[in-house]
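Here is a short briefing on aromatic contacts. Keep the sequence and the 3D view open while you read.

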Amino acid sequence: MRIAALIAVAALAVASIVLPAPREPVPLPPSPQSAAPYTVCPLGEAARRTTALTFVQAGPETTVAVFSAGEVPVEQAVEVSESGTAAVVLDDITGLARAPVLVPQGTPPAAVETILQGGGAAAAPCQPGSPDPQVLLGGSTAEGHTYTISLANPFAGSATVDIAAASEVGVESEPALAGIVVPPRSVIAVDLHSILPGRQAISAAVVTRQGRVVAGAVHDSGADISATGGLVAGLDWYLPAPAPEGLSRSLVLFAPGTSEAAFQIDVYGPDGVVEAAYEDVIPAQSQVTIPLGDILEGPGAIRVLSANPVAAALRFSGEGANAVVPGVATPSPSWRLSGAGRLGDSVVHVFNPGDVEVTVELQAGTGDPLTSVAVPPETAVDIPISARSIGGKLEADGDVVVTWTTASEEGFAGDAGDPLAPG
Amino acid sequence: MTAVPSDNTEVTEDLDADVPRRTHTSTVVAVVSVVAGVDPQPTLDAVARQDHPIEEIRLIGSETEGVPSGVVMSQDLAEVVAGLDSSVEYVWLLHGDARPRPDALKALVTEANRFEASLAGSKLLVGGTSDTLESVGSATDVFGEPYTGLDEGEVDLEQYDVVRDVAFVSSVSMLVRRDLMRGLGGIDQKLAPVAAGLDLSQRVRIAGGRVIVVPSSEVFHDRRCGRGDGGWREQSGRMRAMLKAYTPITLVWMVPLAFLTGIADSLMSLLLGRWRLGPRYVLAWAWNLANLPSTIAARRNISRVRQVGDEELFRYQVRGSVRLRLVGSELSDRLLRMFDDDSAVTRRAVEIWSSSSTWAILGVFFLLLVGLRAVFLSGLPVVGYALPFGDASTALSRFVGGWNASGLGSAAPVHPVTGPTGIATLLTFGNEEVARSLLTFVAFASGVFGIGRLARRLGVGGPGAYLGGAAALFGLPASILGGGGRWAALVAIGFLPWALASVVGPAATGRRQWLGQVGSAAFLTGLVACFVPALGIAPLLFALAIRATGRFRSRLLVALVATPAALVGVPYLVSRGDLLLDGVPIRTAAHPVVVGLIAVTVILAMIARSWRAGAVAGVLTFGGLAASRFFGPDVQEALLALAAVGLGLVVAVALRRGERNVMAWAGLVGGVVVLIVSLAGLAGGRAGLPPDAWGDRISFVTLGATGVERALLIAPDPHGLPGDSRPGPGFWYRLIDSRGPTLDQAALPARGEGDEALAAAIDLIVSGATLRPGAELSEFGVRWLVGTAETSELIGPALQAQVDMNTFPFAEGLVVFENTAVRPVAVTESGVPWEASGSGFVGEPTEERVRLAFNADPGWGPDWQPEGWAGSVSGRDGEAVYRKIGVEAVLVWLGTALSLLGLGLGIWGRRTR
């Protein structure tokens, strides 16, 4: 009995050492991130300029909320047509000089674009913003120019951001651009022409430290305005490159990261594809401006491939013209062009980067077909679209890249299309 | 003499020359030490008058003038001893302030020869009196503190007149064998008189000699050399004597204990207005440190003549600390005399202080004070399952079958701990913080006595059992429970030994006593079942196991009759059926070395003796630890509580008093080490619980609440949240109401429809698919979303881009959002909140319906109607109440009634004894 007791105690002691600990339960797998349930138009103005927000594929219960100084003074429903198109002129709902707008989104999210008129014409996408750096390209603070960055925070928490600017003098170092606090439901306008005057070509990256902002910028050259939304840097960019008469084109690249970015430019011109037609390196947090005429004569398209993330856009400038058309990161078969035609007759630029011909159908905002065009492989094609209050859509049987431009008496404007993800 | 042969020839040559003493008149040299300021002439005259012939009289001192004729002056004793002829058998050492009776030396020589003693001391009488005793040989405690056993001024009525072995005799008058004196190097000149006597006596004993006191040898002592009752030189001398005498293994535990005892003595003496004790201890330690090299050298010399182990010294020592006993006795004496001058109570107190168990209990209580210090200073932490009791009426109404509002609510019973904690809050007039602290202390104190009682029932009682109480409350299993914030289980450890002891022990001698035993067992069974429901079956299983050992008296029938009191916890356990084997387990990681140490200790103790009690202790400890790997947290708690009690018994078995062989000594050392390792649990001073995590830090949830609202708590680790939690996408979460985390909310009931809806809402929010997470959470009454700092990566991105939850920046270490679209838990259609009242709600009577954000249950009224996953009641009566008495509530009532009946029976039955 005594021996048995000893053995039993010893066995239990050994068991309490060697037995594995109970399995630790684990939580459920993290939820897949959904598309942002909102979009923000940071560049809305209602006093100095006329701002129209154009909607394509909007839900029937779409609302807009103008936010300013911690308040939401205006929140109202949008009259959406049966086909899902709508346009909201901010002057009609608010008198605020700066009237950024928050648009809750449904499924699928509507394409929303900001169209600015007054002292020129400009178009810029409405976006959800990103925790990654948002790059604003193609500005200038030369004499007679103003360049204003709008930092819109429609959310409940305050945000803190840094602005990393670069110009022809290199990386700009300015304490006033660091630690900018954007209170909840507010917009902060940063006048770069006051802080960093005299830069012929300037770009900036808005780096979020805390919270979330949606960035946009308006560049007033005196004769025309351009508007840009924040681009999130990527490794691959497609840029259809029309050649409007009398305007100069330049490619603006910006590397927001802390590493330099080697890049190459493939040119899709009338003579076919020239791969690596241009190669260079962008220093960290710097920009490079390349006159497009040096590598591409006439209309065509270019593709930028980089080793580290960069942002890319085409800047158009000339007599009474100033526009920045952002690059497109990913080809898609479905596009919404909600602002095309709002400023007058416009041209839709369709680039087929693939090696198979693609047929594209341009539709009105209601979905009615306007025209159908075959786009040869590795070729860019221009499709005119007549003036209209709300733009249209484009459906293709293959992946294409779509931008649009408008040349009017008010000025020159353009924007990239809004791709619709499959499903 | 009885000296044991030594391997050291240099020494044994002298030591073994003892044969001829009984057949002739022994030759004696008297050595008188001059006492400063005292004329030695009377002493020399008294020596000269001795009946027994004296070969030579030596005077030790520095003065060479005025030395009487026939007296040889020497500088020191060593010189005298070294110069003695081998024909001299004894050296009679006398102080210069001593006056021996004429027959004193003769008596010493006669008895030393008769008893073959190596060292004999006289009975000392106080000079100037005829019959006041000063010393008749002394015992010491383990630290060398003398214990004469005499009262102050005690008269010599020959009551001690028997020759006997003693720990030491005073150096005032001692007869030492010359050969031994020479072999041992004589008296240590560094020591004060009493310490010197102690030192020499101990060395004689270690060398195998006998130390006796000869009461027929009477010596009057003027006490001019000091009374030996203190003084840092005496104290340091005693310390040196023990440091020289003990083997290293004894020193390992004796030295720390001596240090601690010194601290306790100093502190307690302060209460008596004696401030000098502390500095005296410091001086004593410093002196010994300074003289450490000579002490080490002396140890080396002793090791050469060592014939016996320390146990031979222990035989003549009293248990515990003489100093602590004296000071404790004096303290209680002073206190009791204020009320009861020289009464039986006072005498009883003195007896109590004489018990070593008293000192063990006091020591453990000191440890309890250390281990609970933060509880007394700043309250119990709010962490894990150690949560505030909340409002007493709410807790009690939920305990007896009211609505369980934990999470999104349920008809399932709350954890039965809400019963006793609610009562405790009532008893402290609603001060739940005081109730928490008091209940914790009472339980821990109860645990100390409980382990003592259980160990006694298993035959291993004594002071070691009380020390086992500390191991039970702070040792490995308790630290596992404490680490998991399992406060109720820690409290259960305090009551469990009583419950187990109630089913072991002698049978009742009559019906009334038997009923008393049943009543006590029922009450204790119900009590432990309230804190850890699965422990309700433990007394019955213990009684069965005890019966299987075949030795102890098991009260199986008592256990059987008492077990229905455990019904109080059964409904809760049934409602948690799926968590009995699953759920978020308590982290049972135990260092193999610690487990191995405990195992070796108990096995050694079992081999040496007490194998049955050791088996019970071992099975409880290791069975509990091993089995806890297979069950869910509710059963784990019970198994670990049993393991904690088992560990207490392991220490009790290892430290059991009595004769010890090598195994038992090794077990004793193991027990001491286990005890010391267990004391690591004292470190935080929070009863082993982690630091506060959800107390003051989350107090903001009560701010500005309109009606009852809720907070959604999120953490990446379920152990980081208060109470139970549910798995979410990448994290764990739970709801608490705006009172903050309370004990009645700790356990989450099974998922209802509302819980599923909440899970979907959380998934929606975290996926970033909603711009208005506040609106999603408002239907659940959630005003606050609180994440630990680690969750900012998980929920931050989704909650950066939303419009109806404001960030709250004032919570330290937490990520907090406040819902601007909150809707209270109980609210009318027009948005008027209703207030909580007990487990229901009250508000202004209205024709509107009142929505209750609880899982749908038709027990609510009046006129309950479902609304999705929730429901609404009519607002006409101005109150919303839950009235559904299920079988669960009946069982809880029954269990409670049996427990309370048991309490009454226990008291009634005990009176007959």
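Over the ring of which residue does the charged end of Arg697(B) sit? That ring belongs to Trp694(B), and the charged end lies 5.9 Å from its centre. Bear in mind that this is a predicted model. Over all chains, the structure holds 29 aromatic pairs.

**Phe259(B) and Trp285(B)**
- The ring centres of Phe259(B) and Trp285(B) are 5.9 Å apart, and the planes stand at 70°.
- An angle over 60 degrees counts as edge-to-face, so this pair is edge-to-face.
- The pair links distant parts of the chain, 26 residues apart.
- Phe259(B) sits in helix H8 (residues 248-271) of chain B, and Trp285(B) sits in helix H9 (residues 277-290) of chain B.
- Phe259(B) has 46% relative accessibility, so it counts as partly exposed.

**Phe495(B) and Phe531(B)**
- Here the ring centres of Phe495(B) and Phe531(B) lie 5.7 Å apart.
- Their planes are at 45°, so the pair is tilted.
- Phe495(B) belongs to helix H21 (residues 487-501) of chain B, and Phe531(B) to helix H22 (residues 511-531) of chain B.
- The pair therefore ties together parts that are 36 residues apart in sequence.
- Phe495(B) and Phe531(B) are both buried.

**Aromatic cluster**
- One aromatic cluster is formed by Phe365(B), Phe376(B), Phe441(B), Phe449(B) and Tyr466(B).

**Charge over ring**
- Arg697(B) has its charged end over the ring of Trp694(B).
- Arg851(B) places its charged end over the ring of Trp869(B), 5.4 Å from the ring centre.

Conventions: Residues numbered from 1 in each chain as written. Chains lettered and ligands numbered in written order. Predicted model: local features only at pLDDT ≥ 70, side-chain atom pairs only at ≥ 80, totals over all residues. Heavy atoms only, no water. Phe/Tyr/Trp six-rings, centres within 6.5 Å; stacked < 30°, edge-to-face > 60°. Helix = DSSP H or I, 4+ residues; strand = E, 2+ residues; numbered from the N terminus. Buried < 20%, exposed > 50% of the residue type's maximum accessible area, 1.4 Å probe, protein only. Lys NZ or Arg CZ within 6 Å of the ring centre and 35° of its normal.
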